[in-house]
Amino acid sequence: MKTLIKKYTDANLWNKKILITGGAGFIGSNLALYFQKNHPEVEIIVFDIFRSDDKFSNGNLKSLGDYRNLLDFRGEIISGDINSKEDLELIRELRADYIFHESAISDTTVKDQKLMIDTNVVAFKNILEIARENNSRVIYASSGATYGDSKSPQTVGIEEPKNIYGFSKLMMDQIALKYIKKYYMNIVGLRYFNVYGKNEFFKGKTSSMVLQFALQILSGSAPKLFQGSDKIFRDFIYIEDILQANILSMFSKSGIYNVGTGKARSFQDIADILQKELKRDLGNIYIKNPFIEQYQFYTEANILNTQNILGYQPQYSLETGIADYVPDILKIFNNYGNQI
Ligand SMILES: NC(=O)c1ccc[n+]([C@@H]2O[C@H](COP(=O)([O-])OP(=O)(O)OC[C@H]3O[C@@H](n4cnc5c(N)ncnc54)[C@H](O)[C@@H]3O)[C@@H](O)[C@H]2O)c1
């Protein structure tokens with residue numbers, strides 16, 4: 001019988017149970033659908049608070065998970081809050097082999113420090129305790145925001161977070177390192193840089209600028225960039241490479257790893273590539289950056305350890321990632337217009 005070649009790993013995950021917290025969100029739903037497609041032998045459970053009308057003081061929604069990211073999903077879903085001890089019991093009872101922890105306040109502009117620490121840090125520690133008891137391997141989302149303005153290429157161990165979000169992710173990493181050392185647990189923290197790709201539309205104003213510029217362009221207006229965008233550089237990473245890093249982490253040494261392309265590109269590059277891909281020439285509109293105090297101006301991931309230890313190799317440049325994403329962006333525009 002011909003063996004099925006599975007993407008990123010051909011390991012047999014038969015009888016394995018995979019829990020994805022934040023599975024109704026952007027990255028979590030991509031993980032759930034990845035496993036469903038490439039590893040039909042696994043049991044997949046999505047745990048998410050799903051969206052309600054509750055808003056932060058910045059006007060953005062408190063939770064961004066959306067069932068529409070999971071329309072093709074055929075596993076089990078649990079609606080729960082990682083801040084609730086009672087809901088965490090549902091996770092304990094699952095006794096998952098792998099926990100992909102994506103639930104978090106992912107909005108980097110939220111200023112409520114208590115809520116950020118409770119949701120991102122305290123809840124994570126509680127999940128690690130459950131994993132310790134159940135002998136689960138944990139792969140969780142950290143962030144390039146831990147680095148703030150620390151020198152490029154940003155390297156694990158040298159962090160200067162500029163906002164409470166970046167600080168919360170750094171504190172998650174400190175707890176993870178402690179649990180790895182003290183309890184010999186299998187934990188991998190992935191510091192995602194700026195992610196873009198399918199299923200991010202429901203993040204609204206917190207979705208990537210790739211999507212936001214594209215929808216502006218498709219609706220006939222010039223993309224709105226912050227002033228000086230040709231000098232604001234980020235390491236933009238496509239969702240497929242995020243999936244790759246997560247899957248490799250299932251079989252790798254515990255630790256904290258950067259997930260980027262290893263190349264810094266400007267926001268202006270995004271707008272220019274999009275106009276070319278979408279065959280438009282609308283010019284640009286430049287606006288004042290309201291987040292200047294807490295903004296990162298140059299990020300570029302040092303991915304040496306990710307390459308050498310995880311075996312990760314980014315497959316997409318900004319050009320090829322955007323080209324791959326465009327058909328999905330066109331579908332979004334046809335369905336929703338520029339409603340971000
Ligand atoms: N997208 C990026 O560029 C990026 C970059 C670095 C790190 N990250 C991290 O990756 C992870 C996934 O991010 P994303 O972009 O998919 O964001 P997202 O907001 O789409 O996903 C987060 C999910 O967590 C859920 N959630 C929020 N609070 C919850 C709670 N109290 N209980 C249960 N579920 C809750 C939300 O409903 C949402 O579905 C997050 O931890 C985020 O901080 C994302």
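By class, twelve nonpolar, twelve polar and five charged residues make up the shell around the ligand. Here Ala, Val, Leu, Ile, Met, Phe, Trp, Tyr, Cys and Pro count as nonpolar, Asp, Glu, Lys and Arg as charged, and the others, Gly among them, as polar. This is a predicted model: local features need pLDDT of at least 70, side-chain atom pairs count only at pLDDT 80 or more, and totals for chains, interfaces and linings use all residues. Residues are numbered from 1 along each chain as its sequence is written, and side-chain values use heavy atoms, with hydrogens and water left out.

**Ligand site**

- Of the 29 residues around the ligand, D48, S106, Y165, K169 and K203 come nearest. A residue is near if one of its heavy atoms lies within 4 Å of the molecule.
- D48 places a polar side-chain atom 2.6 Å from a ligand oxygen atom.
- K203 has a polar side-chain atom 2.7 Å from an oxygen atom of the ligand.
- On its own the ligand has 820 Å² of accessible area, and the protein covers 94% of it. These areas come from the Shrake-Rupley method with a 1.4 Å probe.
- Elements that give two or more residues to the shell are α1 (26-38), β5 (137-143), α4 (164-183) and β7 (194-196). Helices (H or I, at least four residues) and strands (E, at least two) are DSSP runs, numbered from the N terminus.
- The largest share of the shell, three residues, comes from β5.

**Nonpolar cores**

- The largest nonpolar core has 68 residues. Such a core is a set of buried Ala, Val, Leu, Ile, Met, Phe, Trp, Tyr and Cys residues joined through side-chain atoms within 4.5 Å.
- Helix α5 (residues 209-218) gives this core its largest share, seven residues.
- A second, separate core of 27 residues includes I82, I91, A123 and I175.
- F35, F100, L190, M250, I270 and I322 have the most contacts inside the largest core.
- Beyond its neighbours within four places in sequence, M250 is in contact (heavy atoms within 4.5 Å) with L13, I18, F35, Y98, F100, R137 and I139.

**T320**

- T320 lies in helix α9 (residues 318-336).
- T320 is partly exposed, at 39% relative accessible area. Buried means under 20%, exposed over 50%, partly exposed in between (1.4 Å probe, protein chains only).
- A polar side-chain atom of T320 lies 2.9 Å from the backbone nitrogen of S317.
- T320 and Y238 are 82 residues apart in sequence, yet 9.1 Å apart in space, C-alpha to C-alpha.

Notes. A polar contact is a pair of N or O atoms within 3.5 Å; within protein, one must be able to donate a hydrogen and the other to accept it, and residues adjacent in sequence count only if both atoms are side-chain atoms.
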